[in-house]
Amino acid sequence: MSDLLNLTINQQNKLIKESKISCEELVQETINHIKKYDEEINSIINFDERSAIDNAKNIDKKISDNEIKIGPLTGLPVLLKDNISTKNIETTAGSKILKGYIPPYNSYVTEKIMKKNGILIGKGNLDEFAMGSSNENSFFGNVKNPWDKRRVPGGSSGGPAAAVSAGFASYSLGSDTGGSIRQPASLCGVSGMKPTYGLVSRYGLIAFASSLDQIGPIARSAEDCGQILNVISGKDNNDSTSIKKDFGDFNKYINNSVKNLKIGVPREYLDNVDSEIKESFQESIKKFSGLGAEIVDLSLPLTEYALDVYYIIAPSEASSNLSRFDGVKYGYRSSKGNTAQENMSLSRSEGFGEEVKRRIMIGTYTLSAGYYDAYYKKAQQIRTLIINEFKETFKKVDVLLAPTSPTIAFKLGERTDDPIKMYQSDLCTIPINIAGLPAISIPAGFHNKMPIGIQVVGPQMGDQKVLQFANQFQQITSWHKHFPKL
Amino acid sequence: MKISKEEFEKIANLSALKFDIENNDKLIDDLGRILSRFQSLQKIDTTNVAPTAHVTNLVNSLREDKDSQILNEKDVLSNAKEINMQQVKIPRVFDNE
């Protein structure tokens, strides 16, 4: 691959600003690269070469006519996870039930990126309705890890993470409900951030679990993630949970030293991780010590309950959110069934995949009469305790540091038979969503030539601090500058 | 924890999903195993703990009571399978009997 496609957003932006490359050239080169390699990796579901080139030409013309100013994302090819609505462009959420669905409107983030003259290169493959940790639940086929095509890229944003790692886009947007940005970013060796809940509007994101879902960037550096947040964040009246707060530049503090700041390392996050991940993690701690940060060993005892709390709350919300797929107003409709009710059940049964049906069943069970108090209410009460535990901790430390994934990328098919084993892939990322915290996963080493990630976690609204720590780490390491040989 | 076939059928019905019950032992078994895991949560004392209503403590999000149109009729119906007189057509709601 040409080095051009491995550059960060800032580096590509500089080339465009200095007229060393046109948007069309960058997009054309990206397209050539996708055509050569994505057939095998399968990170892109819907790829519209023609309109990407036309858009690039159009932007080049506007630049030369002085109609637009070149901003940080101008002319850069972006891949949007295919649960993010794009007007007049098929949006499937990786599901048979939405095959052929053409949204009549743009999501908030799509609109924001288009306004900044970003170029949509395609829609990223994902686990159906973002439910999965390996991208093996997509109706449109598995995504393969660019570092080793026998292995999974992680999930559910497997396509967006694999694509950024392989150079198929300058950056991508994913969604993170229990780790769906950070875990694949870790497994594919790129930087991926889940912002504070509400920082980015969910309008036009096909809902999975509304109290946990959050859109965020996947890119080649923490600084890039900050640049993207500058564009996609903000209060949106179409998402009543979006936050009204003026953060200013998300990269405002990235060059500030972390000297004398405190990093908490919660013991429980190392309990169930592979020994190679632990060893690599210790090396990362040494790097932060070298930067002058103070490392604080601490305990978050409720961590062990987070996975179960999540697997009650997320399926409960999903069972409710996914009730809209009835084959009436949009989506797949079965040709069978004599009554509306029968036709609806058949449409859903034929349209949803196995994992989605499993989660709808779990969620319906935990919300049903007689079980609500024992499951859903109990989980939301423990959620309160988990949130409080984090709050107390952040009185003592600035950020937390933990592994992102308990293992490196596993082999395709290795966990598909056992849902509980698959769910455990998100042990280290799930508690963060439960408490609505910001966290970024950044590359921090390799084992068996496969990338390892660490995550920096901040208090709510501490997104800038998270970026500061991540960028300081990336200034003294080069893990994020390694790219797979395709 | 074992889920009985009757219970499974009841939940499937509430979920508006149809399964071939006889050939779904693994799914029934997996559900039982997943629900068993949740029993561990009963160990935690949650007396007087309020369930989380919103993670960033958002209370009310109000707006002026003004109507607005986001999508027009044509756009709203653009993905429906069958339309008749600008309405979505579906199979009959009641059976003949």
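This is a predicted model: local features need pLDDT of at least 70, side-chain atom pairs count only at pLDDT 80 or more; totals for chains, interfaces and linings use all residues.
Good morning, colleagues. I begin with the overall layout of chain B.

I turn next to the surface of chain B. Of its 97 residues, 31% are buried. The accessible surface amounts to about 7400 Å², and carbon and sulfur atoms account for 48% of that area. Which residues form a nonpolar patch on this surface? They are Ile90(B), Val93(B) and Phe94(B), and the patch covers about 330 Å². Phe94(B) lies in the segment that follows β2 (87-88) of chain B. This residue counts as exposed because its relative accessibility is 68%, and the cut-off for exposed is over 50%.

Let us now move to chain A and to strand β9, residues 399-403. Are the residues of this strand buried or exposed? Five of the five are buried, so the strand is largely enclosed by the rest of the structure. In a regular strand, side chains alternate between the two faces of the sheet. For β9(A), one side carries Val399(A), Leu401(A) and Pro403(A), while the other carries Leu400(A) and Ala402(A).

What are the pairing partners of β9(A)? One of them is strand β7 of chain A, residues 262-266, which runs parallel to β9(A) and is joined to it by two bridges. Within that pairing, Val399(A) of β9(A) has Ile263(A) opposite it. Another is strand β11 of chain A, residues 450-457, which pairs with β9(A) in the antiparallel sense over four bridges. There, Leu400(A) has Val457(A) in β11(A) as its bridge partner.

Strand β4 of chain A, residues 171-175, pairs with β6(A) in the antiparallel sense, and four bridges link the two. As an example, Ile218(A) in β6(A) faces Ser172(A). Strand β5 of chain A, residues 191-194, is also antiparallel to β6(A), with two bridges between them. Here Ser191(A) finds its bridge partner in Ala219(A) of β6(A).

I close with the cysteines. How many disulfides are there over all chains? The count is zero. Consider Cys428(A), which is in no disulfide: the nearest cysteine sulfur belongs to Cys188(A) and is 17 Å away. A disulfide would require the two sulfur atoms to be within 2.5 Å. Is Cys428(A) buried or exposed? Cys428(A) is buried, because its relative accessible area is 3% and the cut-off for buried is under 20%. Cys23(A) is likewise buried, with a relative accessible area of 0%.

Thank you for your attention.

Technical notes. Residues are numbered from 1 along each chain as its sequence is written. Chains are lettered from A and ligands numbered from 1 in the order in which they are written. Side-chain values use heavy atoms; hydrogens and water are left out. Patches are made of residues with over 30% relative accessible area and no salt bridge: like charges are joined within 9 Å, nonpolar side chains (Val, Leu, Ile, Met, Phe, Trp, Tyr) within 5 Å. Accessible areas come from the Shrake-Rupley method with a 1.4 Å probe; for residues, only the protein chains shown count as cover. A salt bridge is a side-chain nitrogen of Lys or Arg within 4 Å of a carboxyl oxygen of Asp or Glu. Buried means under 20% relative accessible area, exposed over 50%, partly exposed in between (1.4 Å probe, protein chains only). Two strands pair if DSSP finds at least two bridges between them.
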